[in-house]
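Please keep the sequence and the structure in view while reading.

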Amino acid sequence: MTMRTRARTMTALLALAAMTGLAGCAPGPIIEDGPGEAGTLEVQKVNPADFAGQSLSYVYFTDGPDEAATRELIASFEEEYDVTVNLEVLPYSDLVTSVQARLSGGNAPDVVRLTGLTDFRADLLDLRTYLGEDYAEEFVDGPVKGVLGEYGEMLAVPSDLTLNGPFINVDLFNEAGVPLPDSEDPWTWDEMIDAATKVQEATDTEYAFAIDKSGHRVSTVLSQYGTALVGDDGAVLDEAKAVEALQPLVDMMADGRMPRDFWLGSGSRYEGANDIFLAQQTPVYLSGNWQVGQFADNADFTWAAAPNPCADECGGFPGGKYMGALAEGPNPALGAFFVQYMNTTKAQQKFIVAGGFLPTRVDLTERGVHYPVRQEDMDVFFADLARTPDLGYEANSQPSYTGASLELVDELALVVAGEKDTTTAISDLKAKSEQLVKELQP
């Protein structure tokens, strides 16, 4: 039975743990320190009142509107606990090298915002040390996969969630007389391509379909065909499914229904196709929920989020950000407490509403979130979360995923350029992914 004919629920929604300050001192679980070794996790007893007069540093990058919400939450934290938070806002492109340099120089910050843990897994504090062994249960199981260490450590908090998915130009669909997709009964991939092609032909748009030049975005297509680059068992790419997934993209770029030059430009570097969609050059654009705010502000036509198309699976491909405390930071106890404060129910709701993100907390996921604009579009992404298979979360949690996704971009570009056929490119991609797994997996 395919995902198209069965409903899915969010994976293993866990019971909520009540947040009543920092955990008291109690023996922790027996955990493996390494092969053949065992140790006891001791939850440290701290009194939040003792933090008065202390300070911490938070290295942060912003997606835009989330910065104002972050500053407001920090101000509340400072006032409530009489502490000082030094917020250091860096361009995302500088964050990893800056934090690595500070770690090498013995000047580690206390808390850092990240898109992945690969560069800092050995440096991050096990939050259970201060927040308790059950803290992870406040968060949805899928996003939590990306923050767990080899021996059960909780190395960060998944602070927000994104989901890839398509947008449609409603005006162009209506002009062409092509039915809009049904959120309860999503398109198949063939149906989506057929609908987009009909709209292109009827309205004379330049393209029928566009997708960001991104291995993460193309991973959405792989996921819908039931495979992924990497997973818990290593390089798991099913080559036959990958060829079936990617050949339609190759074919559309060959015949002009997708922007071929856009994909071939800029090497492996990410390029968003949002300007193509805003210019009404395509009726269907696959990106993600972070575009909702931008389109609400900048689109001068009627548009809508659409459910992801289905093949073997439905749903999108997840992403998101993390907050972690560094073990070598000057104040790890206050760092852990700050991470917890910034990810309470109230704080996370404020942050994700401002940024247009999706929640990672169990309670917010279960009850839903009210957004000030385009609630119906955000609800489309919420519905697709329930259809999204586990393999996307597993892929994102692997140290080798980022490198494998860049290889995916390179190999697809070689096919589009006519330098390889799809089957050969996928075979080469699998081999490169296997090598990355060997080099980077713990």
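A salt bridge is counted where a side-chain nitrogen of Lys or Arg lies within 4 Å of a carboxyl oxygen of Asp or Glu. The model is predicted, with local features requiring pLDDT of at least 70 and side-chain atom pairs counting only at pLDDT 80 or more, while totals for chains, interfaces and linings use all residues. Residues are numbered from 1 along each chain as its sequence is written, and side-chain values use heavy atoms, with hydrogens and water left out.

In general, side chains of opposite charge can pair when their charged atoms come close.

| Pair | N to O distance |
|---|---|
| R71 and E67 | 3.0 Å |
| D255 and R257 | 2.8 Å |
| D384 and R387 | 2.7 Å |

R71 and E67 both belong to helix α1, which covers residues 66-81, and they sit four residues apart, about one turn of the helix; helices (H or I, at least four residues) are DSSP runs numbered from the N terminus.

Accessibility is described by relative accessible area, with buried meaning under 20%, exposed over 50% and partly exposed in between (1.4 Å probe, protein chains only). D255, which pairs with R257, is partly exposed with a value of 47%. In the pair formed by D384 and R387, both residues are buried.

Beyond these pairs, a network of salt bridges links D63, D66, R113, D160 and K321.

Definitions and conventions:
Helices (H or I, at least four residues) and strands (E, at least two) are DSSP runs, numbered from the N terminus.
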